[in-house]
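Work through the exercises below with the sequence and the coordinates at hand, and try each task before reading its solution.

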Amino acid sequence: MTQEQLILQERPNGLPDENTFQFKKAEIGKPSEEELLLKTLYVSVDPYMRGRMSDGPSYAAPFEVGEPLKGAAVSQVVESNSSNFEKGDLVTGTLDFQEYNVVKNDKVRKVTTKGMSPSSALSVLGMPALTAYFGMMHIGEPKKGETVVVSGAAGAVGQIAGQLAKKEGARVVGIVGSEKKAAYITETLGLDAAVEYKKGNVSEQLKETCPDGIDVYYENVGGEISDVVWPLLNVFARVPVCGAISAYNLEEGEKDIGLRVQQFLIKSRVKMQGLLVGDFADHYDEAYQALEEAVSNGELKFEETIQEGFHSIPDAFLGLFSGDNIGKQLVKVADAE
């Protein structure tokens with residue numbers, strides 16, 4: 001029995017292209033003691049994967065050339081040699097991008113989606129939602145009446161982060177890249193205002209939508225958008241730094257140089273803290289409980305952009321950098337049995 005894998009064929013210089021990826025046939029393994037054979041149902045494509053395609057120093061080990069890409073996935077147990085899992089169980093974990101995986105039983109966790117699609121374990125009940133929760137609630141700490149700005153506000157993390165701040169009574173402004181996304185975050189998610197950066201004059205748009213300054217800035221994009229945020233930060237503002245997607249596809253030798261932020265941080269005594277979701281592992285139960293409760297009572301809405309078929313993974317990944325997706329970008333590989 002054979003399956004398909006998605007291989008890193010070569011390390012990209014700048015934006016990945018068709019030479020970056022390769023589909024390859026491989027045998028489906030057999031599970032040994034305490035192992036599971038998993039059928040891939042959904043895979044998550046995320047901007048951080050671009051960093052792992054390079055071999056520079058980072059917080060996560062780089063992907064190996066000639067080996068499968070890895071990422072978050074929801075799978076179904078096809079065969080179990082573990083007393084902790086049964087055939088048919090849904091599980092999630094960081095897995096190779098291939099149609100089937102053989103893994104030790106401690107490499108995945110069982111998921112229940114409470115009547116929702118299995119894909120929700122990768123979106124509103126998955127890593128992006130955890131990232132939004134810890135960045136906003138543990139670092140941003142929004143308070144009633146404050147002004148919160150979220151960049152990438154219609155993305156997987158941004159859509160959750162904005163709603164969490166709104167739930168705390170803050171006034172929330174989202175920065176997005178299209179009129180469609182502006183409508184989504186204001187009309188569906190209930191945020192107070194949208195800034196469309198492709199219209200230009202982002203600084204003026206922010207001044208108009210944030211007349212009292214900015215108390216929390218949830219950073220997802222970096223670059224020129226963030227440069228116009230710093231002068232508007234209020235005293236004791238908080239800046240959780242989740243991502244900087246504007247710089248992920250710089251070519252070799254190209255530098256990401258922008259406004260010097262120190263003067264603004266000192267003047268306003270700003271707290272700026274980088275964020276990795278794994279740093280908050282001791283609080284996962286807290287986050288899952290809060291997110292599940294908010295979803296079940298209708299306080300937390302979310303969108304998923306799902307492409308069909310294993311071969312669509314590269315296109316879905318590249319779409320992240322052109323802003324094609326609203327909400328979490330996923331690829332459906334197979335139906336659950």
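**Exercise 1: Cysteines**

At 23% relative accessibility, Cys242 counts as partly exposed, where buried means under 20% relative accessible area, exposed over 50%, and partly exposed in between (1.4 Å probe, protein chains only). The model is a predicted one, in which local features need pLDDT of at least 70 and side-chain atom pairs count only at pLDDT 80 or more, whereas totals for chains, interfaces and linings use all residues. Residues are numbered from 1 along each chain as its sequence is written, and side-chain values use heavy atoms, with hydrogens and water left out.

Task: determine how many disulfides a search of the whole structure finds.

Solution. Take a disulfide to be a pair of cysteine sulfur atoms within 2.5 Å; with that criterion, the search of the whole structure returns zero. Cys210 is in no disulfide, and its nearest cysteine sulfur, that of Cys242, lies 19 Å away. Cys210 is buried, with a relative accessible area of 3%.

**Exercise 2: Strand 15**

Solution. Strands (E, at least two residues) and helices (H or I, at least four) are DSSP runs numbered from the N terminus, and two strands pair if DSSP finds at least two bridges between them. From strand 14 the chain passes through helix 9 (residues 313-319) to strand 15 in a right-handed β-α-β crossover, meaning that, with the strands pointing away from the viewer, the path from the first strand over the helix to the second runs clockwise.

Task: explain why strand 15 is described as largely enclosed by the rest of the structure.

Solution. In a regular strand, side chains alternate between the two faces of the sheet. In strand 15, Lys328, Leu330 and Lys332 on one side and Gln329 and Val331 on the other are all buried, and both faces are covered. Because five of the five residues of strand 15 (residues 328-332) are buried, the strand is largely enclosed by the rest of the structure.
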